[in-house]
Amino acid sequence: MKTGKKIKKLFNGIRREMRKQSYSLQAWFRRQQAVADGKECKCLYVSPVGSTGKDFLEKIIGKFGKDRFDYLLFSYDGTSFDEPVFDKCRVIQEKGLRWDFMIKYVTPAYCENYDYIFAWADDIDIGDFSV
């Protein structure tokens, strides 16, 4: 590849990245203004969850609630979440790795309406943690 094409490719990449950063910054300022105007912050809890983590997740939902939190769960072992406590959770039944799920489903467009994102593992016991 000639030097001119390499430089053009480099500048196009920088331009794309600057547009992404500008978009992210604008979204951040909009969220900050909404919080300053008295709107409660909105949070997204994301976690791969298997059968062994279901009890921990019930505690987390009980502690954080469903008003300010949305829950996106990746069931990697086929565990069903039919109990009433999970009625507002979005559950994706798919095998894979945590970061594969994050890249595939937790996109900037999906996250733009949230002030905070909690990307946790399914074996975290919250104990005295508070939001």
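Reader: Is E94 buried, partly exposed or exposed?

Author: This is a predicted model, and the label rests on a value computed from it. The relative accessible area of E94 is 24%. Buried requires under 20% and exposed over 50%. E94 is therefore partly exposed.

Reader: Which residue does E94 meet in a salt bridge?

Author: The N to O distance in this salt bridge is 3.2 Å. One partner, E94, lies in the loop between β3 and α3, and the other lies in helix α3, so the pair ties together parts that are 10 residues apart in sequence. The partner of E94 is K104.

Reader: Which residues of helix α3 are buried, and why are they on the same side?

Author: Helix α3 covers residues 98-105. The buried residues are F101, M102 and Y105.

Reader: What do the buried residues of α3 pack against?

Author: Their partners include both strands and a helix. The helix is α4 (108-111). The strands are β1 (43-49), β2 (69-75), β3 (89-93) and β4 (116-119).

Reader: Where does S47 lie, and which backbone oxygen does its side chain reach?

Author: S47 lies in strand β1. It is buried, because its relative accessible area is 0%. S47 touches residues including L72, L73 and F74, as well as A121 and D122. At 3.0 Å, its side chain reaches the backbone oxygen of W120.

Reader: How are the rings of Y45 and W120 arranged: stacked, tilted or edge-to-face?

Author: A pair of aromatic rings is described by the distance of the centres and the angle of the planes. For Y45 and W120 the centres are 5.6 Å apart and the planes are at 80 degrees. Planes over 60 degrees apart count as edge-to-face. The pair is therefore edge-to-face.

Reader: How many salt bridges does the structure hold, and which residue pairs with D70?

Author: The structure holds four salt bridges. In the one formed by D70, the closest N and O atoms are 3.4 Å apart. D70 lies in strand β2 and its partner in the loop between α1 (3-36) and β1, so the pair ties together parts that are 28 residues apart in sequence. That partner is K42.

Reader: Which residue forms a salt bridge with K54, and over which ring does K54 lie?

Author: K54 meets E83 in a salt bridge at 3.1 Å, N to O. The pair links helix α2 (residues 54-64) with the loop between β2 and β3, 29 residues apart. K54 counts as buried at 13% relative accessibility, whereas E83 counts as partly exposed at 33%. At 5.2 Å from the ring centre, K54 lies over the face of F81.

Notes: Residues are numbered from 1 along each chain as its sequence is written. This is a predicted model: local features need pLDDT of at least 70, side-chain atom pairs count only at pLDDT 80 or more; totals for chains, interfaces and linings use all residues. Side-chain values use heavy atoms; hydrogens and water are left out. Buried means under 20% relative accessible area, exposed over 50%, partly exposed in between (1.4 Å probe, protein chains only). Helices (H or I, at least four residues) and strands (E, at least two) are DSSP runs, numbered from the N terminus. Contact means heavy atoms within 4.5 Å. A polar contact is a pair of N or O atoms within 3.5 Å; within protein, one must be able to donate a hydrogen and the other to accept it, and residues adjacent in sequence count only if both atoms are side-chain atoms. Rings of Phe, Tyr and Trp (its six-membered ring) pair if their centres lie within 6.5 Å; planes under 30 degrees apart count as stacked, over 60 as edge-to-face and the rest as tilted. A charge sits over a ring if NZ of Lys or CZ of Arg is within 6 Å of the ring centre and within 35 degrees of the ring normal. A salt bridge is a side-chain nitrogen of Lys or Arg within 4 Å of a carboxyl oxygen of Asp or Glu. Lists of a residue's contacts leave out its neighbours within four places in sequence.
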